[in-house]
Amino acid sequence: MRALTLPQYGDPSLLTVSELPVPAPRPGQILVRTAGTAVNPVDLLVRSGELAGSISHPFPLILGWDLSGTVAEVGEGVDRFAPGDRIVAMSAQYATGVGTHAEYVALDAALAAPAPKTVDLVHAAALPLGGLTAYQALEKAAPRPGETLLVTGPVGAVGGFATQIAAARGVRVIALARPEDAALARELGAESVLFSDEPVPAGVADVLLETAGIAPQVIGAVRDGGRAVSIYAPEPPKAERGITVLQTFVEQDGDQLAVLSGLVDEGVLTLRVAEVSDFSAGPQAHRRLAAGGTRGKLILTP
C-alpha cells in the first residue's frame with residue numbers, strides 16, 4: 001500500500017511516499033481503505049520533532065490523525081461496522097501509533113463513526129480532529145443559550161466548528177477575527193465581530209473559547225466570574241477576577257464523532273476544504289499549512 005512516511009524528524013522535504021504492507025486488523029479493529037486524510041497543525045509539530053518527547057514509535061513514522069474511508073475488513077468481535085461501510089475516524093497518532101496518511105489503516109472500531117451521508121467521502125476527512133476538539137471544548141465551556149461566547153480563531157478549523165455548533169445551540173457568538181475574515185465569521189454564525197487588530201473591549205463575553213494562542217490579550221474580554229477554556233497548550237489564560245479557567249485536549253471518541261456526522265447531515269456543520277491532493281503533495285501541504293492563511297482543510301488522498 002502507499003503511505004506518506006517520515007524517516008526522521010525535520011523539514012517537510014523528508015516526507016516520502018513509500019510502499020508498505022497492508023496491516024491486518026486485530027480483534028476489535030477495522031481495516032479502512034482511506035478516501036481522505038487531512039493535514040493538521042499537530043502533524044507539523046510531530047514532523048519537526050517538537051513532540052518527540054511524546055512519540056515512542058519507531059521510524060519510519062506515518063503521520064495523520066484524520067481519516068475518512070470505507071471499511072475493507074473487520075477484526076474479531078467487531079459488530080459496530082461491516083465491510084463496505086463509509087466511516088470517519090480520529091486516531092491520536094502519538095498515542096495509538098496509528099497514523100492515517102496511508103492507503104489502508106487498521107484502528108480500533110471504537111474510534112470510528114458513520115461518515116456524513118450528505119458530503120463527499122474525501123471531504124469528510126475534514127471533520128474528525130477539528131470537530132471533536134470544538135465539540136469537547138464547548139462541552140467544557142458549557143455556554144448556555146442566550147449567553148455570549150467570544151471565539152478566537154473563528155474561521156479556523158476548530159473555531160469555525162465551535163462557532164457553528166454554539167450558534168445552533170442559541171449561544172450569542174462574538175468572533176475575534178481579522179477584518180478580511182469578518183464576513184466568513186458571520187457566515188459561520190457569529191452574531192458580531194471584533195477585529196483582532198483593535199483593543200478588545202472589557203467584559204463583553206460570559207465565556208471565552210481560546211483557539212488562537214492569544215490568551216493574555218483577550219482574557220479581559222470575559223466578565224467577572226465568567227469562564228474561559230483554551231485548546232492552546234503553551235499558554236492557557238491566567239485566572240483573574242473570579243474567572244474559571246480550563247484547558248482542554250482532544251480525546252478520541254467515536255460516539256461523539258457520530259454526533260458530529262449527524263450535525264453535518266442536518267446542515268449545522270459545514271466542512272470547508274481548501275485543497276485535495278495526492279500523498280505526493282504532502283511536503284507542499286505541510287509548507288502551505290505552516291505559512292498560515294488557509295481557510296479550509298488540506299486533504300491528502302492515496
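This note sets out points on the packing, the backbone and selected residues of a predicted model.

1. Basis of the note. The model is predicted, and local features need pLDDT of at least 70, side-chain atom pairs count only at pLDDT 80 or more, and totals for chains, interfaces and linings use all residues. Residues are numbered from 1 along each chain as its sequence is written, and side-chain values use heavy atoms, with hydrogens and water left out.

2. The largest nonpolar core. A nonpolar core is a set of buried Ala, Val, Leu, Ile, Met, Phe, Trp, Tyr and Cys residues joined through side-chain atoms within 4.5 Å. Buried stands for under 20% relative accessible area, exposed for over 50%, and partly exposed for values in between (1.4 Å probe, protein chains only). The largest such core has 63 residues, of which Leu-127, Leu-149, Leu-209, Leu-260 and Leu-269 touch the most other members. Helix 3, residues 128-141, gives the most to this core, with 7 residues. Helices (H or I, at least four residues) and strands (E, at least two) are DSSP runs, numbered from the N terminus. A second, separate core holds 18 residues, including Phe-81, Ile-87, Ala-102 and Leu-111.

3. Leu-260 in its surroundings. Contact here means heavy atoms within 4.5 Å. With neighbours within four places in sequence left aside, Leu-260 is in contact with Leu-127, Gly-131, Leu-132, Tyr-135, Ile-165 and Leu-269.

4. Helix 3 against helix 7. Helix 3 and helix 7 (residues 254-265) pack at an angle of about 100°, and their axes are 10 Å apart. Helix 3 is therefore roughly perpendicular to helix 7. Axes are lines fitted to C-alpha atoms, for helices over the stretch in contact, and angles run from 0 to 180 degrees between N-to-C directions. Angles under 35 degrees count as roughly parallel, over 145 as roughly antiparallel, 65 to 115 as roughly perpendicular and the rest as oblique. Helix 3 contributes Pro-128, Gly-131, Leu-132, Tyr-135 and Gln-136 to the contact, while helix 7 contributes Gln-256, Leu-257, Val-259 and Leu-260. These residues divide into 6 nonpolar, 3 polar and no charged. In this division Ala, Val, Leu, Ile, Met, Phe, Trp, Tyr, Cys and Pro count as nonpolar, Asp, Glu, Lys and Arg as charged, and the others, Gly among them, as polar.

5. Thr-133. This residue has its place in helix 3. Thr-133 counts as buried, at 11% relative accessibility. Its side chain reaches the backbone oxygen of Leu-129 at 2.7 Å. A polar contact is a pair of N or O atoms within 3.5 Å; within protein, one must be able to donate a hydrogen and the other to accept it, and residues adjacent in sequence count only if both atoms are side-chain atoms. Not counting residues up to four places away in sequence, Thr-133 touches Val-158, Ile-231 and Val-250.

6. Thr-152. Strand 9 (residues 148-152) contains Thr-152, which is buried, with a relative accessible area of 0%. A polar atom of the Thr-152 side chain lies 3.4 Å from the backbone nitrogen of Ala-212. Residues up to four places away in sequence not being counted, Thr-152 touches Leu-176, Leu-208, Leu-209, Glu-210, Thr-211, Ala-212, Ile-214 and Val-218.

7. Ala-228. Strand 13 (residues 222-230) holds Ala-228, and Ala-228 is buried, with a relative accessible area of 0%. Ala-228 and Glu-210 are 18 residues apart in sequence and, C-alpha to C-alpha, 7.4 Å apart in space.

8. Backbone features. Most residues other than glycine have a negative phi, and most peptide bonds are trans. Phe-59 and Pro-60 are joined by a cis peptide bond, with omega about 0°. Pro-60 is placed in the loop between helix 1 (41-48) and strand 4 (61-62). Ala-142 has a positive phi near 50°. This residue is found in the loop between helix 3 and strand 9, and at 36% relative accessibility Ala-142 counts as partly exposed.

9. Exposed loop residues. Glu-251 lies in the loop between strand 14 (244-247) and helix 7 and is exposed, with a relative accessible area of 52%. Not counting residues up to four places away in sequence, Glu-251 touches Met-90, Leu-132 and Gln-136. Pro-83, in the loop between strand 5 (66-74) and strand 6 (86-90), is exposed, with a relative accessible area of 53%. The C-alpha atoms of Pro-83 and Ile-30, 53 residues apart along the chain, are separated by 8.8 Å.
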